[in-house]
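Please read them beside the coordinates.

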Amino acid sequence: MDAAEKSAVLARLNAWGKNTLLETLSIEFVDVGADFLTATMPVGPVVHQPHGILHGGASVALGESVASTLSNYVIDTQSHYAVGVNIQANHLRPLHAGVVRCTAVIKRRGRSMHYSEMTVVDEQERLICAMSMNDMVAAHSTS
């Protein structure tokens, strides 16, 4: 994919997240390829837990958002949609401030189930959270 096509895809994916949790958490898609998608999210009080560190739920919301968007990117969304049905997360390092980057890589692309692995890293490339997830792929209802 050339730079212009990549830019157009990222603009479409970022627009798709308007007025959703992605916008609330300031999640922005920044890179995409045939089998991966990367997004960033700022870390500050909005995503902190009471101890002043990144809330695990915010990391999971970031990971699920990136993986589910990737699953929807690789299917025909005119006839099908993908939604997360299972997620497993390991919170490995606390973070107080900065920007995290999450990359989801689709490891298995089945007709009805996708499996992705996601990593969340800080600005120094330290692993903050590692996740895996299944997305169910289903046909749109015809009724």
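1. Asp 122 is buried, because its relative accessibility is 2% and the cut-off for buried is under 20%. This is a predicted model, so the side-chain pairs discussed here count only at pLDDT 80 or more.

2. What does Asp 122 pair with? The partner is Arg 126, in a salt bridge whose closest N and O atoms are 2.6 Å apart. Arg 126 has a relative accessible area of 34%, so this residue is partly exposed.

3. How many salt bridges does the structure hold? The count is three. Side chains of opposite charge can pair when their charged atoms come close.

4. Another of these bridges links Arg 101 and Glu 125, with an N to O distance of 2.8 Å. Arg 101 sits in strand S4, while Glu 125 belongs to the loop between S5 and S6, so the contact ties together parts 24 residues apart in sequence. Both ends are partly exposed: Arg 101 has a relative accessibility of 29%, and Glu 125 has 49%.

5. Lys 6 is partly exposed at 26% relative accessibility. Asp 31 is partly exposed too, at 26%.

6. The largest nonpolar core has 36 residues. Which members touch the most others? They are Met 41, Leu 54 and Leu 62. Elements giving two or more residues to this core are helices H1 (3-16) and H3 (56-73), along with strands S1 (28-32), S2 (36-43), S4 (98-109), S5 (113-121) and S6 (127-139). H3 supplies the largest share, seven residues. In soluble globular proteins, nonpolar side chains tend to be buried together.

7. Leu 62 deserves a look in the viewer. Leaving aside residues up to four places away in sequence, Leu 62 touches Ile 27, Ala 39, Met 41, Val 100, Cys 102 and Val 120. Met 41, one of these contacts, is also among the residues that touch the most other core members.

How values were computed: Residues numbered from 1 in each chain as written. Predicted model: local features only at pLDDT ≥ 70, side-chain atom pairs only at ≥ 80, totals over all residues. Heavy atoms only, no water. Core = buried A, V, L, I, M, F, W, Y, C linked by side-chain atoms within 4.5 Å. Buried < 20%, exposed > 50% of the residue type's maximum accessible area, 1.4 Å probe, protein only. Helix = DSSP H or I, 4+ residues; strand = E, 2+ residues; numbered from the N terminus. Contact = heavy atoms within 4.5 Å. Salt bridge = Lys/Arg side-chain N within 4 Å of Asp/Glu carboxyl O.
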